[in-house]
Amino acid sequence: MCGVFGIRSPHRDVARITYFGLFALQHRGQESAGIAVSDQGRLTVLRDMGLVTQVFDEQNLSGLHGDAAIGHTRYSTTGSTQWSNAQPLVQHGRARTVALGHNGNLTNASELRDELAEGVKLSATSDSELIAALIANDTAPLEDAVASAMHRLEGAFSIVALSEGTLIAFRDSFGFRPLVLGRIDGEWVVASETCALDLVGADTVREVVPGELVLVDDEGLRSRQVVDRADGALCIFEFFYLARPDSRLEGVEVHGARVRMGERLAAEAPVDADLVLPIPESGTPAAIGFARATGIPFSEGLIKNRYVGRTFIQPEPGLREQGAKLKYNPLAEVAGKRVVAVDDSIVRGNTTRQIVQMLFEAGASEVHMRISSPPVVGQCFYGIDLADPNEMIANGKTVDEVREHIGATSLAYLSLEGLQASTQRPASQLCRACLTREYPTEIPRDAKKLKFEPVA
C-alpha cells in the first residue's frame, strides 16, 4: 500500500502541491504522513503519525521552502506503526544525504540488513530504510549509486527520493505497485496514482516503466532503463480494491473496470432480489454494474460515516472490528426486502459478518452477498498487509462454509477469468498471487511484518 508523490519546480510552492497530492492518496495509507523538501540541496523533513490533515497545517507547511519535494502516506507492511518508521525517512550516509518514500515490500530485506549491519547506522525497522542506506553510502555518482541499489533490491518498490537537489523516482522490474509521471506547465510530477496528478492540475504523461530510473534536476528529466523489464506484474488488488476509482492503471479507468466486474458477477451469479446495494465505497462501482446488468433497483442501503477510515488498513484486529461498527448504518428501506449486497473482497470476514448482521437487524428478509473478486487465499509479499493466510476466511474453507460464517442467505464470488476480463489486461501483465498463490518472484521463507522489531 502507501502513497508516494514528488515534484521538482523552482517556481512553485512544492510543499503545498505535495500536500494536496498526498490528500488525494490518503486512501493508500492512514498511519503516518510526511513531506521532505530540498532547497538548493538542503533537506528538510516533516513527518508524524496520523492523517495528512492532522500532520500538516498552514503554519508548518509555510515553513517548508524548496525547489523540490516528496511526500508519503504510510500503511505498514514491514516495521511497526511508530514515528521512527514514518516517511519520508532520511539517511545520512558516507556519500550523501537521502530522503526517501517507498511503496512496496522488499523480499530480500533480511539479506540486505545483514550486509549493511556493519558500518551503517539503521534507526528504523522498515525495509525502506535499507534502500535509502544503499544510496546514501555509495560513493559513486548519484545516478550510478541509485542504479546499483536497484540491482540489489528484490521484491516490490515504487520509490520517490531527494538527494543532491535531484528528484528521483524508480520502480522494480515487475511494476508491482503503480507509479506515474505528469507535468504541470512543463515541470515534472510523479505520483502513485493519476488521481493525485488530477488534483494538482498535472497532465498524465506516462507510467514510470518497470525497471526505469527517472531523475529530474536543473537540466530537466532524464531516464535510464536500469533493470530489464520483467513480465508485467501490476497488482490485481489495485484494480478491485486499493486504487481510487477515478485513477487510471496502465490506461484503464479503475471505475470502469469495477463496473464491468459487477456486470460479469451478475452474469455468473444471478439472484432474485428486490434491491442491490453496495458496501461503500469500494463496492459501489461493482454494485452499479450488477444492478445495471440485472435490472434490480440500485439503492445506497448502507450509509457510510465518511469520517471513519478504511477498516481493512487499520493495523490491529481490534481497531478493524471497532471501525466496522462505527462505519456503516443501514437505511429503513431494506426492511422486508431481498437484498443483494455487493463488496469488492472478503479477507478476514469480520466486517462482512457484521454488515450481514446489520442488514438482518434492519429487517432484510434475505441477504445475498456478491463479491467482485475471487476468494483471497494467498499472502502478499509485495506491499499489501494480507497477514497470515490462516486469518483469511476463504483459506481452507468452501464457499458455503464462508457463507455460513458470515451468516448470508447466499454467497458468490467473481471468477478469476471474470476478474481478469474486467481489467482488460492479459493475465501475464498482472500479479494475482493473493488469489492463486502463484508468485512471480522467489518469496522469503520468513516474512513477518515485525521481524526487525526489538524483542521486549
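1. Helices (H or I, at least four residues) and strands (E, at least two) are DSSP runs numbered from the N terminus. Valine 334 counts as buried, at 0% relative accessibility; buried means under 20% relative accessible area, exposed over 50%, and partly exposed in between (1.4 Å probe, protein chains only).

2. Before going on, please keep in mind that this is a predicted model, in which local features need pLDDT of at least 70, side-chain atom pairs count only at pLDDT 80 or more, and totals for chains, interfaces and linings use all residues. Residues are numbered from 1 along each chain as its sequence is written, and side-chain values use heavy atoms, with hydrogens and water left out.

3. What does valine 334 touch, leaving aside its neighbours within four places in sequence? Its contacts (heavy atoms within 4.5 Å) are Leu275, Leu277, Gly301, Val339, Leu359, Ala362, Gly363 and Ala364. Valine 334 and glycine 301 are 33 residues apart in sequence, and their C-alpha atoms are 6.5 Å apart in space.

4. Now to the nonpolar cores, each a set of buried Ala, Val, Leu, Ile, Met, Phe, Trp, Tyr and Cys residues joined through side-chain atoms within 4.5 Å. The largest has 48 residues, of which Phe237 and Leu386 touch the most other members. Elements that each supply at least two residues of this core include helix H9 (254-268), helix H10 (284-294) and strand E20 (338-343). Helix H8 gives the most, with 6 residues. A second, separate core has 29 residues, among them Leu89, Leu130, Phe157 and Phe170.

5. Not counting residues up to four places away in sequence, serine 422 touches Ala257, Arg260, Met261 and Arg264.

6. Next come the salt bridges, where a side-chain nitrogen of Lys or Arg is within 4 Å of a carboxyl oxygen of Asp or Glu. The whole structure has 25 salt bridges. In one of them, arginine 222 meets glutamate 143 at 3.0 Å, N to O. Because arginine 222 lies in strand E13 (residues 220-225) and glutamate 143 in helix H6 (residues 142-152), the pair ties together parts that are 79 residues apart in sequence.

7. Arginine 224 forms a salt bridge with aspartate 144, the closest N and O atoms being 3.1 Å apart. Arginine 224 is in strand E13 and aspartate 144 in helix H6, so this pair links parts 80 residues apart in sequence. Aspartate 217 and arginine 222 also meet in a salt bridge, at 2.7 Å, N to O. Aspartate 217 is buried, with a relative accessible area of 17%, whereas arginine 222 is partly exposed at 35%. Glu143, Asp144, Asp217, Arg222 and Arg224 are linked in a network of salt bridges.

8. How many disulfides are there? The count is 0, a disulfide being a pair of cysteine sulfur atoms within 2.5 Å. For cysteine 2, the nearest cysteine sulfur is that of cysteine 380, 12 Å away. For cysteine 431, the nearest is that of cysteine 235, 6.3 Å away. Cysteine 2 is buried, with a relative accessible area of 6%, and cysteine 431 counts as buried at 9%.
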